Amino acid sequence: NVIRLGYRRVIKSTYRLLKELRLREPTTILTMFLHLSAIILIFKALGLIKSNVVIREVNLPSQLLKKKSFPFLYKLIYRYLYPVADRVICQSFDMYQELKNYTSADLIIINNPIDTAAVYEMAYNPVNAELYKVNTDKINLVFIGRLTFQKGIDLLVEFASKLNENC
């Protein structure tokens, strides 16, 4: 079920969120946004909800803390609220290692699923150039996603700069 709380900002929807969670009594809540996780973990710490809370962490703490205006606040969330969660899912070993420095929460690594066999197969088989309008006389690099440090675009740009112009 999709429940619209009627607010654009999580902080403004806090009361309605709590009301819905208490009404519906979900067994497990999965959250992927740090600010939403913090609010739900406060509910749980105060005994206002009984649900299991699973957090899927999406950022390396070191990168997040560099970019936020109030890094001490985020450190407090990691240190004091994350341990209230029943489980925190890390997307990589690096994320797991970093979070271990900030929290005593129950951490588990579930890497983003990538079918490496299919990727290699596609890499070594010719592409239908007409269908995709690809210039087969050159190397074509394509990236789709958010331009953030975690994606490693800096490595792609560095690699591309070292390619021969005739590639």
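## Surface and overall dimensions

The accessible surface of the protein chain amounts to about 12,600 Å², and carbon and sulfur atoms contribute 56% of that area. Accessible areas follow the Shrake-Rupley method with a 1.4 Å probe, and for residues only the protein chains shown count as cover. The model is predicted: local features require pLDDT of at least 70, side-chain atom pairs count only at pLDDT 80 or more, and totals for chains, interfaces and linings use all residues. Residues are numbered from 1 along each chain as its sequence is written, and side-chain values use heavy atoms, with hydrogens and water left out.

## Secondary structure and extent

The protein chain contains eight helices and four strands, taken as DSSP runs numbered from the N terminus (helices H or I, at least four residues; strands E, at least two). Their order along the sequence is α-β-α-β-α-α-β-α-β-α-α-α. The radius of gyration is 21 Å, well over the 15 Å that the globule rule gives for 167 residues, so the protein chain is more spread out than a compact globule. This radius is taken over C-alpha atoms, and the rule is 2.2 Å times the number of residues to the power 0.38. Along its principal axes, the C-alpha trace spans about 65 × 35 × 30 Å.

## Strand pairing and crossovers

Strands count as paired if DSSP finds at least two bridges between them. Strand β1 (residues 28–31) pairs with β2 in the parallel sense over four bridges, and I29 has V53 in β2 as its bridge partner. Right-handed here means that, with the strands pointing away from the viewer, the path from the first strand over the helix to the second runs clockwise.

Strand β2 (residues 52–56) runs parallel to β3, joined by three bridges. I55 stands opposite V88 in β3, while R56 has I89 in β3 as its bridge partner. Three bridges also join β3 to β4, again in parallel, and I89 is partnered with I108 in β4. The chain crosses from β3 through α5 to β4, and this β-α-β crossover is right-handed.

## Helix α2 and residue K44

K44 lies in helix α2 (residues 34–45). Its relative accessibility is 19%, so K44 counts as buried. Leaving aside residues up to four places away in sequence, K44 touches I49, S51, N52, V53, V84 and D86.

In α4, the buried residues are Y74, I77, Y78 and L81. They cover an arc of only 115° around the axis, which puts them on the same side of α4; the arc is that of the directions from the helix axis to the C-beta atoms. F72 and Y80, on the other side of α4, are exposed. The buried residues of α4 pack against α2, α3 and α5.

Helix α5 (residues 93–102) buries M95, E98, L99 and Y102. Their arc around the axis is only 95°, which puts them on the same side of α5. F93 and N101 are exposed on the other side of α5. The cover over the buried residues of α5 includes α3 (61–67), α4 (71–81), β3 (87–90) and β4 (107–109).

Notes. Buried < 20%, exposed > 50% of the residue type's maximum accessible area, 1.4 Å probe, protein only. Contact = heavy atoms within 4.5 Å.
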